[in-house]
Amino acid sequence: GILVIISIAIVPLIKLSLITITYSIATALAEPVADKKIVKLLEQVGDTFKILLGILFIITAMFLIGVAIVIRISNSGMMYR
């Protein structure tokens with residue numbers, strides 16, 4: 001069950017990581033050419049995706065821990081029979 005959860009959660013983690021890297025590269029390329037406001041906007045959007053990536057990672061970890069606890073509790077009940 002845990003491998004299935006990891007395989008489901010890995011795709012959004014990779015996508016958000018790539019989007020974050022893309023915005024970082026776009027910010028670096030736009031900095032010498034574009035206005036400071038546009039560069040600041042790109043930085044803030046990149047930071048927002050970093051926060052979303054962190055939230056997704058933490059929620060995935062909490063879900064994995066919850067599933068592991070439920071599996072552990074359900075298996076320990078079988079030991080008493």
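Biologist: Which residues of α1 are buried?

Modeller: Let me begin with the ground rules. This is a predicted model, in which local features need pLDDT of at least 70 and side-chain atom pairs count only at pLDDT 80 or more, while totals for chains, interfaces and linings use all residues. Residues are numbered from 1 along each chain as its sequence is written, and side-chain values use heavy atoms, with hydrogens and water left out. Buried means under 20% relative accessible area, exposed means over 50%, and partly exposed lies in between (1.4 Å probe, protein chains only). In α1, the buried residues are Ile5, Ala9, Leu13, Leu16, Thr20, Thr27 and Ala30. Leu13 has a relative accessible area of 15%, and Leu16 is also listed as buried, at 15%.

Biologist: How many residues has α1, and where does it bend?

Modeller: Helices (H or I, at least four residues) and strands (E, at least two) are DSSP runs, numbered from the N terminus. The expected span of a helix is 1.5 Å times one less than its number of residues. With 29 residues, α1 reaches 42 Å from its first C-alpha to its last, close to the expected 42 Å. A bend is the angle between axes fitted to the seven residues ending at a residue and the seven starting there. In α1 the bend is about 25° at Ala9, and the proline Pro12 follows within four residues.

Biologist: How many aromatic pairs does a search of the whole structure find?

Modeller: A pair of aromatic rings is described by the distance of the centres and the angle of the planes. Rings of Phe, Tyr and Trp (its six-membered ring) pair if their centres lie within 6.5 Å; planes under 30 degrees apart count as stacked, over 60 as edge-to-face and the rest as tilted. The search finds one pair. The centres of the Tyr23 and Phe49 rings are 5.5 Å apart and their planes are at 20°, so this pair is stacked. It links distant parts of the chain, with Tyr23 in α1 (residues 2-30) and Phe49 in α2 (residues 36-79), 26 residues apart. Tyr23 is partly exposed, at a relative accessible area of 27%.

Biologist: Which residues form a salt bridge?

Modeller: Side chains of opposite charge can pair when their charged atoms come close. A salt bridge is a side-chain nitrogen of Lys or Arg within 4 Å of a carboxyl oxygen of Asp or Glu. The whole structure holds one by this search: Lys50 with Asp47, whose closest N and O atoms are 3.9 Å apart.

Biologist: Why are Lys50 and Asp47 separated by about one helical turn?

Modeller: An α-helix has 3.6 residues a turn, so residues three or four places apart point the same way. Lys50 and Asp47 are three residues apart in helix α2, and therefore about one helical turn separates them. Both are partly exposed, with relative accessible areas of 45% for Lys50 and 40% for Asp47.
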